[in-house]
Amino acid sequence: MPSPVSLSRFLIDQQWQKQAIPSDLRLLVEVVARAIKAISINVGKGALAGVLGEAGTGNVQGEAQKKLDVIANEILLEANEWGGHLAAMASEEMEGPHPIPHRYPKGEYLLLFDPLDGSSNIDVNVSVGTIFSVLRCPEGAAADESSFLQPGTSQVCAGFAVYGPSTVLVLTMGEGVHVFTLDREVGSFVLTQENLRIPADTKEFAINMSNRRFWEPPVARYVEELLAGREGPRGKDFNMRWVASMVADVFRILARGGIFLYPRDARDPSKPGRLRLMYEANPMAFIVEQAGGSATTGRGRILEVVPASLHQRVPVILGSANEVERVTSYHA
Ligand code: F6P
């Protein structure tokens, strides 16, 4: 049996054999993966470590923070401050960018993250995760908010972890999508799937049906047709799954196909969707496209949305290409 390929060995191979990534990007991914291991340990201990429950604070989105939101954010900040690979970081949990302290060397990358996605699932022992996106800081720029406002097509790397029955790390550096599983005994990520592909067709969809009355007509029509099953215009039955942790729903789609929708709805006219563009929609769209799927807002490719602010929200429709194309065409 061939010996398992660790994340470190995979990255070294990308750097030296394939010449696909520079050394500081390799270091960045290693550091993020180390932070993810630390978060995984905290998530896994749960009530034993007293990490469940509310933190008693709110984030910039006005959402109540869980203790684990705060812990995961601090782990990522601390791990990435001193390595010399970053110009700045930005997080769902912080209003503005986090500059690298003057006492540490600075690098050319910008790291954005949602430290703990699906946080409504923390206290109920359902999978949660971490999502991250890497951009290059424009040359000579101050690494302030404006440096981060680049479309998703500029991402050089994106990934996410799912803290589920096993901890997995999904990674793209623009050359396919690879999955690593945490070997908890050895303490390292091991390559378990290379060049994942999302099937173009599917019989599974993911949407929060309780928002149905707020949807726009194209999404309402699309879901109606799915629900009509074999007797309806689609001529086949569809199955529904909704974990309410985007990381888990997208991992399922990578594993066996499907479509995920968090569309624009009429609940709050100031919010054109629920999910955040820069550290949720963009990294997931990059990964899904790299795996052969599609990702749109319904009106255009997510990766081409030009961001106006760090915490901007967008509608998200992603997954199996033929289904995403169909629902997008209903918007036309
Ligand atoms: O905030 C992000 C998120 O937790 C996603 O991970 C998930 O897909 C979505 O929100 C769940 O939203 P809702 O609670 O409306 O189902």
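**Figure 1. Leu303 in the loop between strands S15 and S16 of the predicted model.** Leu303 lies in the loop that runs between strand S15 (294–296) and strand S16 (313–314). The model is predicted. Leu303 has a relative accessibility of 3% and therefore counts as buried, the limit for that class being under 20%. Glu289 is 14 residues away from Leu303 along the chain, and the C-alpha atoms of the two residues are separated by 9.4 Å.

**Figure 2. Gln312 and its contact with the backbone of Ala308.** Gln312 is placed in the loop between S15 and S16. The relative accessible area of Gln312 is 18%, so this residue is buried. A polar atom of the Gln312 side chain lies 2.5 Å from the backbone nitrogen of Ala308.

**Figure 3. Residues around the ligand.** The shell around the ligand holds 13 residues, of which Asp117, Asn208, Met246, Tyr262 and Arg274 come nearest. By class, the residues of this shell divide into 6 nonpolar, 3 polar and 4 charged. The ligand sits in the largest pocket. Two elements give two or more residues to the shell around the ligand, namely strand S13 (259–262) and strand S14 (275–276).

Figure 4. In the side chain of Tyr262, an N or O atom is 2.6 Å from an oxygen atom of the ligand. For Asn208, the distance between a polar side-chain atom and an oxygen atom of the ligand is 2.9 Å. Arg276 places a polar side-chain atom 3.4 Å from an oxygen atom of the ligand. The ligand taken alone exposes 400 Å², and 87% of that is buried by the protein.

Figure 5. His98 belongs to strand S4, which covers residues 98–99. Is His98 buried or exposed? His98 counts as buried because its relative accessibility is 19%, and the class requires a value under 20%. The side chains of His98 and Glu81 are joined by a polar contact of 2.9 Å.

**Figure 6. Lys66 in strand S2.** Strand S2 (residues 64–66) contains Lys66. With a relative accessibility of 14%, Lys66 counts as buried. Asp123 is 57 residues from Lys66 along the chain, and 9.0 Å separates the C-alpha atoms of the two.

Figure 7. Ala55 is found in strand S1, residues 54–58. Ala55 counts as partly exposed because its relative accessibility is 32%; this class lies between the limits of 20% and 50%. From C-alpha to C-alpha, Ala55 and Val70 are 7.3 Å apart in space, and in sequence they are 15 residues apart.

**Figure 8. Ile12 in helix H1, shown with Pro22.** Helix H1 (residues 7–16) includes Ile12. The relative accessible area of Ile12 is 32%, so this residue is partly exposed. Ile12 and Pro22 are separated by 10 residues in sequence, with a C-alpha to C-alpha distance of 9.8 Å.

**Figure 9. Backbone of Ala143.** Most residues other than glycine have a negative phi. The residue is in the loop between strand S6 (128–136) and helix H4 (145–148). Ala143 has a relative accessible area of 13% and is therefore buried.

**Figure 10. Backbone of Asn195.** Asn195, a residue other than glycine, has a positive phi near 50°. The loop that holds Asn195 lies between strand S10 (188–193) and strand S11 (204–206). Asn195 counts as partly exposed because its relative accessibility is 45%, and the exposed class begins over 50%.

Terms used:
Residues are numbered from 1 along each chain as its sequence is written. This is a predicted model: local features need pLDDT of at least 70, side-chain atom pairs count only at pLDDT 80 or more; totals for chains, interfaces and linings use all residues. Side-chain values use heavy atoms; hydrogens and water are left out. A residue is near a molecule or strand if one of its heavy atoms lies within 4 Å of it. A polar contact is a pair of N or O atoms within 3.5 Å; within protein, one must be able to donate a hydrogen and the other to accept it, and residues adjacent in sequence count only if both atoms are side-chain atoms. Accessible areas come from the Shrake-Rupley method with a 1.4 Å probe; for residues, only the protein chains shown count as cover. On a 1 Å grid over the protein atoms alone, a cavity is a set of points where a 1.4 Å probe fits but cannot get out, and a pocket is an open set with protein on both sides within 12 Å along at least five of seven lines; lining residues have an atom within 4 Å of a point. A molecule sits in a cavity or pocket if more than half of its atoms lie within 2 Å of its grid points. Helices (H or I, at least four residues) and strands (E, at least two) are DSSP runs, numbered from the N terminus. Ala, Val, Leu, Ile, Met, Phe, Trp, Tyr, Cys and Pro count as nonpolar, Asp, Glu, Lys and Arg as charged, and the others, Gly among them, as polar. Buried means under 20% relative accessible area, exposed over 50%, partly exposed in between (1.4 Å probe, protein chains only).
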